Amino acid sequence: MIIQIDFGDDFIQYISCSTKVGRKMDSIQEDFLNWIFDEEKNTEYWALENGERIHPNYNAKAIVNG
C-alpha cells in the first residue's frame with residue numbers, strides 16, 4: 001500500500017507499507033503525533049534556534065522511524 005502524506009505548502013511525500021499497517025493509519029497517526037511532540041522521546045526531529053528546540057521539523061522518514 002502506498003500512503004500519501006501531505007505536509008502542506010506543496011510538500012507531499014509517499015511511504016510504502018503493508019495493507020495491514022495502512023488500515024491502522026489513524027491510530028498510527030495519533031501515536032506518531034504523541035511521539036513527535038514529546039521532547040524527551042523525539043530528540044532528532046526538532047528545529048533549533050540558538051541551540052533551543054522551537055518546534056518539530058519532520059518529513060516522511062520521521063513517520064517511518066517514529
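Thirteen residues, written as 13 in the count, line the largest pocket, and those nearest its centre are Ile5, Met25, Gln29, Phe32 and Ile63. Here a pocket is an open set of points on a 1 Å grid over the protein atoms alone, where a 1.4 Å probe fits and protein lies on both sides within 12 Å along at least five of seven lines; lining residues have an atom within 4 Å of a point. Please keep in mind that this is a predicted model, in which local features need pLDDT of at least 70 and side-chain atom pairs count only at pLDDT 80 or more, while totals for chains, interfaces and linings use all residues. Residues are numbered from 1 along each chain as its sequence is written, and side-chain values use heavy atoms, with hydrogens and water left out.

**The pocket**

The volume of the largest pocket is about 210 Å³, a volume being the space filled by probe spheres set on the points, with grid points joined across faces, edges and corners. Which elements supply at least two residues each of its lining? They are β1 (2-6) and α2 (25-36), and α2 gives the largest share, five residues. Helices (H or I, at least four residues) and strands (E, at least two) are DSSP runs, numbered from the N terminus. Sorted by class, the lining holds ten nonpolar, two polar and one charged residues. In this sorting, Ala, Val, Leu, Ile, Met, Phe, Trp, Tyr, Cys and Pro are nonpolar, Asp, Glu, Lys and Arg are charged, and the others, Gly among them, are polar.

**Helix α2**

The helix α2 has twelve residues and spans 16 Å from its first C-alpha to its last, close to the 16 Å expected at 1.5 Å a residue. That expected span is 1.5 Å times one less than the number of residues. Its buried residues are Met25, Phe32, Trp35 and Ile36. They cover an arc of only 90 degrees around the axis, which puts them on the same side of α2; the arc is that of the directions from the helix axis to the C-beta atoms. An α-helix has 3.6 residues a turn, so residues three or four places apart point the same way.

Buried means under 20% relative accessible area, exposed over 50%, and partly exposed in between (1.4 Å probe, protein chains only). What covers the buried residues of α2? The cover includes β1, α1 (19-23), β3 (46-49), β4 (52-56) and α3 (60-65). On the face of α2 turned away from its buried side sit the exposed residues Asp26, Glu30, Asp31 and Asn34. Asn34 has a relative accessible area of 52%, and its C-alpha is 22 Å from that of Ser16, 18 residues away along the chain.

**The chain as a whole**

Three helices and four strands make up the secondary structure of the chain, in the order β-β-α-α-β-β-α from the N terminus on. The C-alpha atoms fill a box of roughly 40 × 25 × 15 Å along the principal axes. Of the 66 residues in the chain, 26% are buried. Among contacts (heavy atoms within 4.5 Å) with a separation of 6 or more, 24% join residues 24 or more positions apart.

**Two loop residues with positive phi**

Asp10 and Asn50 each have a positive phi in a residue other than glycine. Asp10 belongs to the loop between β1 and β2 (12-16), and Asn50 to the loop between β3 and β4.

| Residue | Phi | Relative accessibility |
|---|---|---|
| Asp10 | near 60 degrees | 80%, exposed |
| Asn50 | near 55 degrees | 75%, exposed |

Arg53 lies in strand β4 and is partly exposed, at 34% relative accessible area. Leaving out residues up to four places away in sequence, Arg53 touches Glu39, Asn42, Thr43, Trp46, Ala47 and Leu48. From Arg53 to Asp10 the distance is 25 Å, C-alpha to C-alpha, across 43 residues of sequence.

Is Gly22, then, buried or exposed? Gly22 is buried, with a relative accessible area of 14%, and its place is in helix α1. With the neighbours up to four places away in sequence not counted, Gly22 touches Met1, Ile3 and Cys17. The C-alpha atoms of Gly22 and Glu49, 27 residues apart along the chain, are 35 Å apart.
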